[in-house]
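Student: Could you walk me through this one while I have it open? I'd like to go over the contacts and the core.
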Amino acid sequence: MRTAGIDIGSRTIKLVVVEREAIIHSLIADTTHDPLEQCKRLMERASFERILATGYGRHFFETHFNVPTVTEIKAFARGAKTIFPGCRTILDIGGQDTKAIALDERGNVSKFEMNDRCAAGTGMFLEVIAKTLGYNLDEFGKEALKAQNNIQINSMCTVFAQSEVTSLLARRQKREDIARGIHMAILNRTLSLLKRVSMESDIVFAGGVAKNPCIKYLLGDVLGYEVKVPEDPQMVGAFGAAMIAQELDR
Amino acid sequence: MEKKDYRPMWKDLGLNLEGHDQLLAVLGKAYKDIYLSQENRPKGMQYLDFVISEAHGLRIEELIETKRKGNKVIGTFCVYVPEELILAVEGTCVGLCAGAEIGIDEAEKVLPRNTCALIKSFMGFKLAGLCPYIQASDLVVGETTCDGKKKAYEILNDYKETYVMEIPQMKTERDRTLWRGEIIQFKVKVEQITGRKITAENLKEGIKIANNKRRALQRLSALRKAIPAPISGLDALLVNQIAFYDDPLRFTKSINALCDELEDRVKKGIGVTKNGASRILIAGSPMALPNWKIPFIVETSGAIVVAEESCVGERNTRDLVDETGKTLDEMIDAIVGRYFKIDCACFTPNEERTGHILDLARDFKVNGVIHYSIQFCTPYSVEAYKVEKALQDKGIPCLKIETDYGMEDVGQLKTRIEAFLEIVKG
């Protein structure tokens, strides 16, 4: 049977359709001011018999289409475990959330933590700072990776970090060094989250921020082993939801 | 029926009418959305719906009426205040408003921002002129359960006479002696403001009224052990919240009637949720009216709350005062003993509390425990670690939540609670 998972995030909406474990469709759109309309557009482009919603917007979707939901935590767990069967820890950094999830040997969630109300260190944070430095998101990670020096950033609050960056620029600091500092700040925050939840390998790094090469590199460097990033890290939640939908009995 | 216009009464009490109107509008809507939308509620809850709808109306009128007869109204914030002594001299004991994010701007003029929401709330209610109960009180009784409350009462005292009872920090014999002294001192204070003597005869009656109220609440609690549970956690919490300010005799009668109905439901196997709903125990900080945040999220996520290890819940109802005392001294000793058993996180060590949580988890057949601390509530936030560890040792899943009365984190909390329920379900 063809089943779909739709992951309605704060920045993007992802739709994956699977048949057993094979991916039939993998679609993404910006969330925009009208997420419901965006969901409908994505759904028109795919064919499936059953759909399961996850992500920040899962409840409006549930109300509108009367479909079941799962949390991002369960969806990412299922998605990551399917892609990397050795997965024991998941780091998911999305548009406005950071989550660390520990899995037991069978792939069930045993523990998780997420940021509660502040977007520090999330995709939104990277977007704001990249813009302040005059980079687009793709360049941002690449340029930070090339930097020779690391300028320490003291603030993790998006607003304060932005003003810190502005004043560093005013002092004629190199922007790639500032970019590196920003990535280091996110790394440190991420490590403390992982330490609280799990550091057991394989660690799978997913969510939009996993597309950033600098964070992936820094994580591997500090941990001493490579973190695993799926080919399409943004789609892991939607893929996991589609996989869970395969097993629902209705 | 047209509702009575209470505005002249509120004006006499010195309430801020405009702010109060807004408060009632917000509360009315919240109640409708959270309570009246529930399915399969017991009929007996209609009494509580009525009490809520008249919380700032009829009940306040009753308080004014009793004051007119020369009786006193005493406002409290804590389960340590011995209600028996107040009831003995025909006084009325009311829990004061502390469960809504109200008057925060006013409160933050006198309190630091990182003060717990409950303290900010009672200060806000007073400073913004929105709590008719504190306005109608002849005396406010505070207690030294935490640093935040202790210091805030010094400030509250500038606006309303606040008498503070010293709660010991440990449970040695020396502490019991101190606590006995505090109860005697409070007895003197009650006699002084009411001009009436507390005697063996009237105290016996006071003890009986308070015990009967607790017996009704114990009965309600025991009925929630049934699978499926015959009443929602939200409704049961409401009963426990209203216990603090309704007329005790009428309340006891109404709750016993509700329990009769629930007993019938249990016999017939009627529950409020679908079969297989996860059973959750909420443990931790008090949930003062109208703080329904966590149980609302839990119960709209398909689970049911079956017990509250909380001052608004088990901590308030678990123990009765021994009724065998004949002399005034024996009765005072019984009161000292009963209140000394309360396992508030302000005590150290506080092993009893962990034991009680494990007992509740077993007796109510819970699938998981949510440890709830109000943000900046140090005693419960710190104790959460030990509670979680004890539960883990028994293989019971535990989710620690720290939050305030605000609504901005509801989306995140819903995700965390739903993910916890997914883990609980396996």
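Student: How many residues does the contact take from chain B and from chain A?

Tutor: Bearing in mind that this is a predicted model, the contact takes 12 residues from chain A and 11 residues from chain B.

Student: Switching topic, what domains does the assignment give for chain A?

Tutor: The assignment gives domain 1, made of 1-84 + 233-250, and domain 2, which covers 86-229; the centres of these two domains of chain A, taken over C-alpha atoms, are separated by 25 Å.

Student: What does each domain put into their contact?

Tutor: Domain 1 of chain A contributes 15 residues and domain 2 of chain A contributes 24 residues.

Student: Which helix gives the most on the domain 1 side?

Tutor: That is helix H3 of chain A, residues 72-83, which gives seven residues to the side of domain 1 that touches domain 2. The residues of that side of domain 1 divide into seven nonpolar, four polar and four charged.

Student: OK, now the largest nonpolar core: which residues touch the most other members?

Tutor: Of its 211 residues, those touching the most other members include Ile6(A), Ala242(A), Leu96(B) and Ile280(B). Helix H9 of chain A, residues 236-247, supplies the largest share of this core, with eight residues, and at least three residues come from each of domain 1 and domain 2 of chain A.

Student: What does Ala242(A) touch, then?

Tutor: Leaving out residues up to four places away in sequence, Ala242(A) touches Thr3(A), Ala4(A), Gly5(A), Val16(A), Val17(A) and Val18(A).

Methods:
Residues are numbered from 1 along each chain as its sequence is written. Chains are lettered from A and ligands numbered from 1 in the order in which they are written. This is a predicted model: local features need pLDDT of at least 70, side-chain atom pairs count only at pLDDT 80 or more; totals for chains, interfaces and linings use all residues. Two residues are in contact if their C-beta atoms, placed from the backbone, lie within 7 Å. Domain bounds come from an automatic or database domain assignment. Helices (H or I, at least four residues) and strands (E, at least two) are DSSP runs, numbered from the N terminus. Ala, Val, Leu, Ile, Met, Phe, Trp, Tyr, Cys and Pro count as nonpolar, Asp, Glu, Lys and Arg as charged, and the others, Gly among them, as polar. A nonpolar core is a set of buried Ala, Val, Leu, Ile, Met, Phe, Trp, Tyr and Cys residues joined through C-beta atoms within 7 Å. A residue is buried if 20 or more other C-beta atoms lie within 10 Å of its own, exposed if 12 or fewer, and partly exposed in between; C-beta atoms are placed from the backbone.
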